Amino acid sequence: MSEPEQPSGARPRKLYGRRKGPKQSARQAELRRALFPQLQLPLQAGADPRNYFSPAAEEVWLEVGFGAGEHLYEQAKAHPHIGLIGAEPYEMGTAKLLTKLAEGPLANVRLYEGDGRAVIEALPDASLGRFFLLFPDPWPKTRHHKRRFLQMEMLDQLARVLKPGAELRFATDDKSYLPFALERLMAHPAFSWTATGPQDWKTRPSGWPPTRYENKAIKGPPTFLRFVREDKMAGC
Ligand SMILES: C[S@@+](CC[C@H](N)C(=O)[O-])C[C@H]1O[C@@H](n2cnc3c(N)ncnc32)[C@H](O)[C@@H]1O
């Protein structure tokens with residue numbers, strides 16, 4: 001599927017995965033018409049993301065591929081002074097999160113219905129306090145590994161936009177994505193793993209609400225990784 005929302009001048013790239021899903025209900029269509037425009041992220045290259053929120057957020061966290069939005073919603077509810085940006089191209093994902101937000105409104109959520117890479121590329125240096133990539137599409141076939149979200153080039157971008165000391169949280173239940181991600185995260189000089197023992201990656205840490213895919217646990221027990229953006233690599 002082609003991705004039309006790139007900043008002008010960027011080279012064309014593909015977004016793999018679904019945008020369209022089942023037909024939306026009348027309620028979902030109404031929320032898309034009435035509520036979505038109020039929460040839609042007006043992506044602007046170089047803009048301070050705190051100003052996407054009103055009042056301006058103290059700090060901004062980003063979740064890429066929020067699915068139905070369970071984790072994003074709970075994080076936003078638990079941290080009202082943090083601005084939560086969610087990127088998700090699947091329209092039914094937005095629809096499900098909009099339903100939650102209509103039932104329990106939160107002022108600190110902004111949604112980008114598209115490729116999370118465009119959001120990251122538009123962020124200024126050291127502007128993000130936390131990044132979440134939870135149960136990303138596994139792309140298990142070797143020839144599809146290049147479609148995985150967590151690539152070395154992506155880690156370079158994340159190192160650029162995360163503040164020193166900011167956390168990168170990653171979870172997967174896929175046996176081959178785990179070593180793929182760990183290999184890259186451990187090799188990247190900007191990131192350090194916070195784990196001190198198996199309990200740190202085998203058990204979902206507190207302050208980390210579950211997601212739909214975690215509850216499905218299709219491929220096996222999930223692994224939870226927390227990495228910190230090191231200070232010493234500022235400018236890398
Ligand atoms: C396996 S689902 C997991 C959803 C959710 N994180 C969970 O744990 O329930 C992966 C999600 O990532 C989304 N996705 C895939 N590529 C993406 C991209 N480049 N930017 C943003 N979201 C993406 C998909 O649309 C899908 O909803």
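Select Val-119 and you land in helix H5; helices here are DSSP runs of H or I with at least four residues, strands are E runs of at least two, and both are numbered from the N terminus. This is a predicted model, in which local features need pLDDT of at least 70 and side-chain atom pairs count only at pLDDT 80 or more, while totals for chains, interfaces and linings use all residues. Residue numbers start from 1 along each chain as its sequence is written.

**Stop 1: around Val-119**

Is Val-119 buried or exposed? Val-119 is buried, having 22 other C-beta atoms within 10 Å. A residue counts as buried with 20 or more other C-beta atoms within 10 Å of its own, as exposed with 12 or fewer, and as partly exposed in between, with C-beta atoms placed from the backbone. Now show its contacts, meaning residues whose C-beta atoms, placed from the backbone, lie within 7 Å. Not counting residues up to four places away in sequence, Val-119 touches Leu-43, Leu-62, Ile-85, Ala-87 and Tyr-112.

**Stop 2: the ligand**

Next, select the ligand and what surrounds it. The shell holds 23 residues, and the closest are Gly-65, Gly-67, Gly-116, Thr-211 and Tyr-213; a residue is near a molecule if its C-beta atom, placed from the backbone, lies within 6 Å of it. Helix H5 (116-122) and helix H9 (212-216) are the elements that give two or more residues to this shell. H9 gives the most, with three residues. Colour the shell by type and you will find 11 nonpolar, six polar and six charged residues. In this scheme Ala, Val, Leu, Ile, Met, Phe, Trp, Tyr, Cys and Pro are nonpolar, Asp, Glu, Lys and Arg are charged, and the others, Gly among them, are polar.

**Stop 3: helix H3**

Move on to helix H3, residues 70-78, where the buried residues are Glu-70, His-71, Leu-72, Tyr-73, Gln-75 and Ala-76. What do the buried residues of H3 pack against? Their partners are strands E1 (59-64), E2 (82-87), E3 (109-112) and E4 (128-134), together with H4 and H9.

**Stop 4: where H1 meets H4**

Two packed helices are described by the angle between their axes and the distance between the axes. Select helix H1 (residues 26-34) and helix H4 (residues 91-103): their axes come within 9 Å and cross at roughly 80 degrees. The axes are lines fitted to C-alpha atoms, for helices over the stretch in contact, and angles run from 0 to 180 degrees between N-to-C directions. H1 and H4 are therefore roughly perpendicular to each other, a label given to angles of 65 to 115 degrees, with under 35 counted as roughly parallel, over 145 as roughly antiparallel and the rest as oblique. Show Gln-28, Leu-31 and Arg-32 of H1 with Ala-95, Leu-98, Thr-99 and Ala-102 of H4, the residues that make the contact. They divide into four nonpolar, two polar and one charged.

**Stop 5**

Most residues other than glycine have a negative phi, and most peptide bonds are trans. Zoom to Ser-54 and Pro-55, which are joined by a cis peptide bond with omega of about 0 degrees. Pro-55 lies in the loop between helix H2 (36-39) and E1.

Then go to Ala-126, in the loop between H5 and E4. Ala-126 is not a glycine, but its phi is positive, about 45 degrees. With 16 C-beta neighbours inside 10 Å, Ala-126 counts as partly exposed. Phe-135, in the loop between E4 and helix H6 (152-161), has a positive phi as well, near 50 degrees. Phe-135 counts as buried, with 23 C-beta neighbours inside 10 Å.

**Stop 6: Arg-229**

Select Arg-229 in strand E7, residues 223-229. Arg-229 is buried, with 27 other C-beta atoms within 10 Å. Leaving aside neighbours within four places in sequence, its contacts include Ala-159, Leu-162, Lys-163, Ala-190 and Phe-191. Draw a line to Thr-99 and the C-alpha to C-alpha distance is 34 Å.

**Last stop: zoom out**

With everything on screen, the protein has nine helices and seven strands. Its radius of gyration is 17 Å, close to the 18 Å that the globule rule gives for 236 residues, so the protein is as compact as a globular protein of that length. The radius is taken over C-alpha atoms, and the rule is 2.2 Å times the number of residues to the power 0.38. Of the 236 residues, 35% count as buried.

Technical notes
Contact = placed C-beta atoms within 7 Å.
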